[in-house]
Amino acid sequence: MRKIGILIISTFLLVTGCKEKSIIHPTFYYWKTIYQDKKVETDYLNRFKSPALYVRIMDVDIDPNTLEPAPVSPITFRDPIPVKTTIIPVVYLVNNLFNSIDSNKSNVLANHIARFVDAKVKQAGKTSYSELQIDCDWTKTTRDRYFTFLRQLQDQPLLKNKSISVTLRLHQVKNIISSGIPPVKKAILMCYNMGNLRKYGEQNSILDLKEMNTYLKKDLENYPLKLDVALPIFEWAVIFRNKAYAGISKRLNKKQILDPKIFKRRGSSILFDLLVNLPQAGLKKGDAVRWEEITPDDLLASSKFLSRYLKPDDRNLVFYHLDIDLLKHYTHDDFQKVIANF
């Protein structure tokens, strides 16, 4: 009898100790102004058996001349999206525009976005789409107007039978009372750009596991919306002049950063001091560069953390973003290990 009791207890512990695994659909964001069907990038979609590609359609900001919302840098499709891949259009809304428009204007904005997206999807070679994602880092002061806009967007005839999803930042998970819950059924957790980009120092502002722990550990599991997840694979050079933030340089690469004739590294940190003038990059001798990148180990650690606190679900795992120069830093096995953690 005692052996049977031990067996029952052991079986119970084994069952309760095994968390149900999620069903993961890996894919990418496409965040460029021109879409081209490049073989290396498309091969990743095929190897992942990605059901969809998240494509940035445009940004929307207030036009300084008309003081009305206007599209910024909309995408141009030189090639159609691959036949086997559906499109999830993404529209980025600058948060501040909701301080400038009332409910009537936001309804007009919703209508314009629905029509603009529909036209771009057709340019991408698709007859339709099932999900539109809105990317906006809303705040307490813009929350109500943003949520009203989302309801107005869902009511647009062109979006009938289509779902609206939104992006979700870490602080919006933790501060759920002040941030509110968007009036949608699904969100995507943006696990990047979580540090203070403009703060001088050695921190990696793209991805910080301590920040993830602070903002998500106690609150993620109980977040009421269905959640997809986005992880970063990008890199950038953050520039400081006299310890003040001076922007992000798109004209620097890691090879230049590691050239001892151009930069001097501060010990083993990610800060580098410029030894010469670089007028082609708009940089001056003495400028400091913080080189931020995401290693395979960073991705693996993030996926382990998230899998611990996310409720098991059928979800998309979206890497930001699909680009040949970024993909070369990772092997297919690197990605598969991350995917397997969920």
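Cys191 is in no disulfide, and a search of the whole structure finds zero disulfides (pairs of cysteine sulfur atoms within 2.5 Å). Cys136 has 0% relative accessibility and counts as buried; buried means under 20% relative accessible area, exposed over 50% and partly exposed in between, with a 1.4 Å probe and protein chains only.

This is a predicted model, in which local features need pLDDT of at least 70 and side-chain atom pairs count only at pLDDT 80 or more, while totals for chains, interfaces and linings use all residues. Residues are numbered from 1 along each chain as its sequence is written, and side-chain values use heavy atoms, without hydrogens and water.

The search also finds 17 salt bridges, each a side-chain nitrogen of Lys or Arg within 4 Å of a carboxyl oxygen of Asp or Glu. One of them joins Lys186 and Glu131 at 3.1 Å, N to O. Lys186 is in strand β9 and Glu131 in strand β7, so the pair ties together parts 55 residues apart in sequence. Helices (H or I, at least four residues) and strands (E, at least two) are DSSP runs numbered from the N terminus. Both Lys186 and Glu131 are buried.

Helix α11 (residues 332-341) has His332, Phe335, Val338 and Ile339 as its buried residues. They lie on the same side of α11, because they cover an arc of only 125° around the axis, taken from the directions from the helix axis to the C-beta atoms.
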